[in-house]
Amino acid sequence: MRYFLRLAYDGAGFHGWQTQPNACSVQQTIESALSTVLRRPTPIVGAGRTDTGVNARTMYAHFDTDSPIADPGRFLTGLNRLVGHGISLQRLIEVHPEAHARFDATERSYKYFVALEKSPFLRASSWYSPTALDVDAMNEAAALLPATSDFTSFAKLHSDARTNICDVRHALWTSYDNPFGVPGLVFTITADRFLRNMVRSVVGTLVDVGRGKISHRDFQTIIERRDRCAAGTSMPPQALFLWDVKYPYID
């Protein structure tokens with residue numbers, strides 16, 4: 001039997017999604033809980049990999065069992081007791097045996113949150129901009145992204161990606177409301193796939209546009225150069241959320 005888990009996590013307490021030696025990861029924590037509940041080693045495969053400190057409002061992972069899980073609610077309750085406060089396991093979905101959390105995802109969306117006033121209540125989930133940002137200029141530059149295919153300029157150097165080609169379908173800055181009344185912006189980007197560090201470096205370069213440090217034409221040139229050293233800085237991770245993952249067989 002193959003199941004998908006829908007989950008969310010606060011990335012602050014983890015060294016990213018992927019299991020790694022001598023570090024606490026989201027994947028490792030869930031695998032340990034599953035192995036305890038199912039009483040056998042149970043690896044999982046996630047929809048993607050988030051870096052250290054990056055959050056997920058929605059992530060999916062698949063795992064296999066020898067027999068059906070009779071009581072999904074009780075199963076999730078048991079897992080949630082084991083994974084700690086930083087992870088929420090929200091839904092268990094039975095899927096066909098060949099379903100794959102990573103390869104079957106048709107698109108992924110990320111959001112990056114920016115606070116325009118300093119707030120002690122938002123520092124763990126947003127980035128504070130001490131200077132004003134030109135949102136129209138940032139959106140004019142962001143409009144170039146869906147017309148771009150090669151994102152080498154925004155890819156982490158020396159990564160294991162076989163290609164830097166991505167199909168970006170949406171990229172837009174909008175204002176957002178928060179419960180503390182602090183004015184803010186959110187950048188939403190949707191694509192079929194993302195490269196390591198891609199969203200944070202795209203945001204960092206767009207912020208340079210918003211600050212007037214580079215122009216629309218400069219942003220286009222950075223894309224065309226296919227050189228990570230030409231792009232802006234990688235933004236802090238706590239403001240980045242994997243927001244949604246789409247599959248053709250999950251509502």
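In these legends, contact means heavy atoms within 4.5 Å, and a residue is called buried when its relative accessible area is under 20%. Every view comes from a predicted model.

**View 1. Helix α1 and what covers it.** Let's start with α1, which runs over residues 26–38. Its 13 residues reach 18 Å from the first C-alpha to the last, close to the 18 Å expected at 1.5 Å a residue. Look for V26, Q27, T29, I30, E31, A33 and L34, the buried residues of this helix. Their cover includes strands β1 (2–9), β3 and β4 (87–95), together with helix α2 (72–83).

**View 2. The two ends of α1.** At the start of the helix, a side-chain oxygen of S25 comes to within 3.1 Å of the backbone nitrogen of Q28. At the other end, just after α1, you will find R39 with a positive phi of about 60°.

**View 3. H62 in strand β3.** H62 sits in β3, the strand spanning residues 55–64. Is this histidine buried or exposed? H62 is buried, because its relative accessible area is 5%, below the 20% cut-off. Its side chain reaches the backbone nitrogen of A101 at 3.0 Å. Leaving aside neighbours within four places in sequence, H62 is also in contact with R2, Y3, F4, P43, I44, V45, A99 and H100, among others.

**View 4. The largest nonpolar core.** Nonpolar side chains tend to be buried together in soluble globular proteins. Here the largest nonpolar core holds 76 residues, and L5, L7, I30, L145 and F187 touch the most other members. Helix α4 (residues 198–210) supplies the largest share, seven residues. A second, separate core has seven residues, including A115, L122, V182 and V186.

**View 5. Around F187.** Zooming in on F187, you can pick out its contacts with Y110, K111, Y112, A142, L145, A171, L172, W173, V202, V203 and L206, not counting residues up to four places away in sequence. Two of the names in this view, F187 and L145, are among the core residues that touch the most other members.

**View 6. Cysteines without a disulfide.** How many disulfides does the model have? The count comes to zero. For C229, the closest cysteine sulfur is that of C166, 19 Å away, so the pair is too far apart for a bond; a disulfide would need the two sulfurs within 2.5 Å. C229 counts as exposed, at 64% relative accessibility, while C24 is partly exposed, with a relative accessible area of 35%.

Technical notes. Residues numbered from 1 in each chain as written. Predicted model: local features only at pLDDT ≥ 70, side-chain atom pairs only at ≥ 80, totals over all residues. Heavy atoms only, no water. Helix = DSSP H or I, 4+ residues; strand = E, 2+ residues; numbered from the N terminus. Buried < 20%, exposed > 50% of the residue type's maximum accessible area, 1.4 Å probe, protein only. Polar contact = N/O pair within 3.5 Å; in protein donor to acceptor, adjacent residues only side chain to side chain. Core = buried A, V, L, I, M, F, W, Y, C linked by side-chain atoms within 4.5 Å. Expected span 1.5 Å × (residues − 1).
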